[in-house]
Amino acid sequence: MKNPLRTKTGWALLLLLLLAGIFLANFNPAGLISSQQKKNDALIAEQMAYHIGVLAYLYGYPIVDMHKQMHNETHRIAPAQEVYAPVNRLYRYPEIVGPDNAGNLRAPNNDTLYYSGWFDISEEPLIIHTPDTGGRYYTIAVTNLYSEVIHIGRRTTGTAEAYFALVTPDWQGTLPPAVQKIEVESEQGWLLGRMLVEGAGDFDAAMTLVNEIWTAGLREFTPGQRPPALSPVEAEYIDPLDSLAFFQVLNSKLKTLPARPGEQALMAQFDAINVGPGSDFDVAQLSEAGRRGLERAIADGRKIVDAATQRTIPNYNGWMISRDIGRYGFDYMHRASVARGGYGNLPEESLYPAMVFDDKGNLLDGARRYTLHFEAGQLPPVNGFWSLAAYRLNDLQLEENPIGRYSIGDRTGELHYNEDGSLTLQLQHDLPEDPRANWMPVPAGYFMLVMRLYEPSAAALSNDYLLPRVMLAD
């Protein structure tokens, strides 16, 4: 019988055994496990940072956006800066808003004079003085860092001279006599005021009233005396919305904001990527995988916010109407989209029906002509007033036109009504052939229409009244 090791098969088997021995001698299962674990850890770190980061971006967008605006408007960031006032002071827009002087306002109105300011009540309350406006419409939207609103003004507090104090919910001090307390959830926030102006001829009277609105910290407050001006502080312009600085800002702000009911689990998720209030976010400490995930989250989060400003929300005859502006609950995407579009008032203060598509489903385009027809007795029902404005879709700004008309409404002079009492508005870029046409100039390219109903009636708030559809005229 042959020795099996002397056959070809035997030699092959012997070689295989020798190689197996060499492999086993060098086999390191711990190394393989460690390598796979590193891959798993990197996968988890990146995907968790991405998925939680997208939600954190939507949640935090108004918080970070307001931080950006507050910094850039309370510091001298440029020699020719349009809007500037120190913290706890007001800036008064010196003109009726038009295409060249809107500053940081988005989709600004042409019906009122604006005044604005940023407050910080972490150390003491802020007193706001308002004059007697004699029944003239005015409002001050007190907006917290969550983009939610409380109103001072004709609808809520009347038009007599008054003093108001912004305080945090846990403030325990004593206010001077006749000062009304207004609790604000966040220590910082924005004041945006509007004073009705009936065109250029009414500018001086309206501006006089705006100039009588002033603010003062509690320790510097004396009734009837506005405090001295503050020295400007210079700083560099910031924009953390598109970089990892977004999460740095969000983390720092969440540490100062009171916990909101129902958001404990969400904050725990944010803490899992070191963005929540119980963590310390440090860009330098991010792993490579975590950085990739958060950078993807910023890019996609911004896309979602931008897309949300043009999404089809509940619409009526083509008009998109949101009745929960200023009160968002857990709808973080809607809250972010409103902040992206310019913030807003509570619906009972003013409704903002908006339109971007015509009756054929195409974007409104200045190359086309449109009409808006109100039947007799069917003008927008308001306790204040109404107006219609058109904005470039890409930046939500007004566009210059040859007649200087940037809104049309119930206070527009020389409106021509039809014989049956109805009203037709011509919406187009070029001058209409009919000189009696009620022309609302629109931008040359794609545009958005915004109807404003100030102090809308119950019918407008409940959908018992609906705006008519905008129709193609050609």
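Visitor: How does the lining of the second largest pocket divide by class, into nonpolar, polar and charged residues?
Guide: There are seven nonpolar, nine polar and five charged residues in that lining. Keep in mind that this is a predicted model.

Visitor: Okay. What volume does the second largest pocket have?
Guide: About 440 Å³. Its lining is made of 21 residues, and those closest to the centre are Asn110, Gly199, Ala200, Gly404 and Ser407.

Visitor: And how much space lies in the largest pocket?
Guide: About 830 Å³. The lining there counts 43 residues, with Val338, Gly341, Gly342, Tyr343 and Leu396 closest to the centre.

Visitor: Which elements each supply at least two residues of that lining?
Guide: On the helix side, H2, H7 (288-308) and H8 (332-341) do. Among the strands, E2 (112-120), E8 (188-196) and E19 (447-454) do. The largest share, five residues, comes from H8.

Visitor: What about the classes in the lining of the largest pocket?
Guide: That one divides into 22 nonpolar, 12 polar and nine charged residues.

Visitor: Switching to rings. How many aromatic pairs are there?
Guide: The count comes to 19. Take Tyr91 and Tyr93: their ring centres are 4.9 Å apart and the planes sit at 75 degrees, so the pair is edge-to-face.

Visitor: Are those two tyrosines buried or exposed?
Guide: Tyr91 is buried because its relative accessible area, 16%, is under the 20% cut-off. Tyr93 is buried as well, with a relative accessible area of 3%.

Visitor: How are the rings of Phe247 and Phe281 arranged?
Guide: Their centres are 6.2 Å apart and their planes are at 50 degrees, so this pair counts as tilted. Phe247 belongs to helix H5 (residues 245-254), while Phe281 is in the loop between helix H6 (264-272) and H7, so the pair ties together parts 34 residues apart in sequence.

Visitor: How accessible is Phe247, and how accessible is Phe281?
Guide: Phe247 has 0% relative accessibility, so it counts as buried. Phe281, at 4%, also counts as buried.

Visitor: Which residues form an aromatic cluster with them?
Guide: Tyr57, Tyr61 and Phe246 form one cluster with Phe247 and Phe281.

Visitor: Which arginines lie over the face of a tyrosine?
Guide: Arg260 lies over the face of Tyr146, at 3.9 Å from the ring centre. Arg296 lies over the face of Tyr50, and there the distance to the ring centre is 4.0 Å.

Visitor: Let's do asparagines. Where is Asn72?
Guide: In helix H2, which covers residues 29-74. Asn72 has a relative accessible area of 3%, so it is buried. Leaving aside neighbours within four places in sequence, its contacts are Ile77, Gln81, Val83, Glu236, Tyr237 and Ile238.

Visitor: And where is Asn438 found?
Guide: Asn438 is in strand E18 (residues 438-441). Its relative accessible area is 4%, so Asn438 is buried.

Visitor: What does Asn438 touch, not counting residues up to four places away in sequence?
Guide: Quite a list: Arg405, Ile408, Glu414, Leu415, His416, Leu423, Thr424, Leu425 and Gln426.

Visitor: How far apart are Asn438 and Ile408?
Guide: They are 30 residues apart in sequence and 8.5 Å apart in space, C-alpha to C-alpha.

Technical notes. Residues are numbered from 1 along each chain as its sequence is written. This is a predicted model: local features need pLDDT of at least 70, side-chain atom pairs count only at pLDDT 80 or more; totals for chains, interfaces and linings use all residues. Side-chain values use heavy atoms; hydrogens and water are left out. Helices (H or I, at least four residues) and strands (E, at least two) are DSSP runs, numbered from the N terminus. Buried means under 20% relative accessible area, exposed over 50%, partly exposed in between (1.4 Å probe, protein chains only). Contact means heavy atoms within 4.5 Å. On a 1 Å grid over the protein atoms alone, a cavity is a set of points where a 1.4 Å probe fits but cannot get out, and a pocket is an open set with protein on both sides within 12 Å along at least five of seven lines; lining residues have an atom within 4 Å of a point. Grid points are joined across faces, edges and corners, and a volume is the space filled by probe spheres set on the points. Ala, Val, Leu, Ile, Met, Phe, Trp, Tyr, Cys and Pro count as nonpolar, Asp, Glu, Lys and Arg as charged, and the others, Gly among them, as polar. Rings of Phe, Tyr and Trp (its six-membered ring) pair if their centres lie within 6.5 Å; planes under 30 degrees apart count as stacked, over 60 as edge-to-face and the rest as tilted. A charge sits over a ring if NZ of Lys or CZ of Arg is within 6 Å of the ring centre and within 35 degrees of the ring normal.
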